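Student: I've got this model open on my screen and I'd like to talk it through. Can you take me around a few spots?

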There are 2 protein chains.
Amino acid sequence: MNIISYNLNGLRSALSKGLADWVAQVRPDVLCVQEIKAGREPLDVSALTDLGYHAYLHTAQKPGYSGVATFSLEKPLAVVEGCGQSCYDDEGRVLRLDFAHCSVLNTYMPSGTSGPERQAFKVEWLHFFRRYVRELQAAGVAPLVIAGDYNCCQTELDLRNPKTNQNSPGFTPEERQWFRDFLADGFTDSFRHHHGPVPDRYSWWTYRAGARARNVGWRIDHLLVDNALAPHIRHADMLHDVVHSDHCPVQVELDFNA
Amino acid sequence: MNIISYNLNGLRSALSKGLADWVAQVRPDVLCVQEIKAGREPLDVSALTDLGYHAYLHTAQKPGYSGVATFSLEKPLAVVEGCGQSCYDDEGRVLRLDFAHCSVLNTYMPSGTSGPERQAFKVEWLHFFRRYVRELQAAGVAPLVIAGDYNCCQTELDLRNPKTNQNSPGFTPEERQWFRDFLADGFTDSFRHHHGPVPDRYSWWTYRAGARARNVGWRIDHLLVDNALAPHIRHADMLHDVVHSDHCPVQVELDFNA
DNA sequence: CTTTTCAGG
DNA sequence: CCTGAAAAG
């Protein structure tokens, strides 16, 4: 099972840059996308459904803002939109698809970069989300694959300039601690598990100052899998040469027969 | 004296489409532009001052909105920004440059197309402007050349679809009457004077539905000159093949020796 | 720097 | 259909 997570920075923009052709080539079983930025009119996803994908969208209230969508070749057994908390669901941040072998939770976590108010909102979200996932685990929704733009990372290997970003949103001590705690609840960072402590592998680069060309990035898009799935990770990667957005797709391949 | 009036629909946009090269070619003595759409930062007009032009700007309060500018090769004897009425001056609609042989009044008249409130504002403006010009005449500011986007026209020859636009902003009976009255105060429509009742000559085409390609337009940009200047009109034209905007430049050449 | 909306035309 | 601002990232 090939699962991809990809922050598109606008679904329409990404489609205009050839997203559908790339999806047709790679043909992931499940494609989790974030920041779809749906407008007042419903988004046209026919370019992807025409490839045989089932499409599930969870949009924000505010036009052109946030929103997630999951595309899957197999029809899911169940689909759950949102997390039941309106302050988050109004921003279109969570979408769950349950399959026979796993449950894929697609999430777009808040960015704290626009100010202290949003950083506080993000931290509240992080704690809420950890509780929410524990509840899913307790309810037997498992094994979970939590795909998405986490907007944070854990170790100094996960960003090019860790020293100068000790207190930047996405790498504050509080967020790093949260990441450790979250993993300790029973998750495996599929990329790190597969590659070990390799440096310079990122999933996001600011559009400013040619950061991507110089690989000045952050690894903030993750595919965390239930520890029970770790032995089934056949492959994991950051697809840094795929460019439809300021993020790149991140991928995990799970082999349920292994 | 070659005078051009040109609604640029954004000075920066027009510059990006080669405005400066065109100005360098034509080299008008006076260039009156409208809808410069200055932002919070001062506009960079060095591309024009580098050609030897003196630059005078009258910007609106609201960033990115309205505003006029006049560029002249000769340094004017006097420059008057605005008309002394703050409700109009806040929108950057009037700029006067006095020269030895004439006074060039550059104006961007309100458009009434965004709703009845703005159409009412436009009609008030029209009456105010007529009074204002009479005061200038009375004060001996003469002979006047009133260049600009009038956002209205007078006769059925001035727009492609007069029948369906009898009550459209820019061609209401009230505005047509105003135009007649304004001319009766002592002005000559230089284009009409030079060409007579020719049809199909416009200065603005909506960007929608390929109107310009089909020449579905309006002649709403005018160079009205004091009747005393009419004998000095050597040439007048709509430069419809010059494209940096949804308007085209309009031109008059005055020969003060004739 | 880029996406989207929005006002304004 | 365009421009430019503004919010958000």
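**Around one asparagine**

Tutor: Leaving out residues up to four places away in sequence, B:Asn151 touches B:Tyr108, B:Met109, B:Pro110, B:Ser111, B:Lys122, B:Gly170, B:Glu175 and B:Ile220; contact means heavy atoms within 4.5 Å. Ground rules: this is a predicted model, where local features need pLDDT of at least 70, side-chain atom pairs count only at pLDDT 80 or more, and totals for chains, interfaces and linings use all residues. Residues are numbered from 1 along each chain as its sequence is written, chains are lettered from A and ligands numbered from 1 in the order written, and side-chain values use heavy atoms, with hydrogens and water left out.

Student: Is B:Asn151 buried or exposed?

Tutor: B:Asn151 sits in the loop between strand 8 (144-149) and helix 6 of chain B. Helices (H or I, at least four residues) and strands (E, at least two) are DSSP runs, numbered from the N terminus. Buried means under 20% relative accessible area, exposed over 50%, partly exposed in between (1.4 Å probe, protein chains only). The relative accessible area of B:Asn151 is 13%, so B:Asn151 is buried.

Student: Which backbone oxygen does the side chain of B:Asn151 reach?

Tutor: B:Met109 is among the residues that B:Asn151 touches. At 2.8 Å, the side chain of B:Asn151 reaches the backbone oxygen of B:Met109.

Student: How are helix 5 and helix 6 of chain B oriented to each other?

Tutor: Helix 5 (residues 116-138) and helix 6 (residues 173-184) of chain B have axes 11 Å apart and pack at an angle of about 10 degrees. Axes are lines fitted to C-alpha atoms, for helices over the stretch in contact, and angles run from 0 to 180 degrees between N-to-C directions. Angles under 35 degrees count as roughly parallel, over 145 as roughly antiparallel, 65 to 115 as roughly perpendicular and the rest as oblique. So these two helices of chain B are roughly parallel.

Student: Over in chain A, which strands stand at the sheet edges?

Tutor: Six strands of chain A form an open, mixed sheet in the order 3-4-2-1-14-13. Two strands pair if DSSP finds at least two bridges between them. One side of each edge strand is left without a neighbour in the sheet, because each has a single partner; the edges are strand 3 (54-58) and strand 13 (233-238) of chain A.

Student: And what is the bridge partner of A:Cys32?

Tutor: Strand 2 (residues 30-34) and strand 4 (residues 68-72) of chain A pair in the antiparallel sense over five bridges. In strand 4 of chain A, the partner of A:Cys32 is A:Thr70.

Conventions: A polar contact is a pair of N or O atoms within 3.5 Å; within protein, one must be able to donate a hydrogen and the other to accept it, and residues adjacent in sequence count only if both atoms are side-chain atoms.
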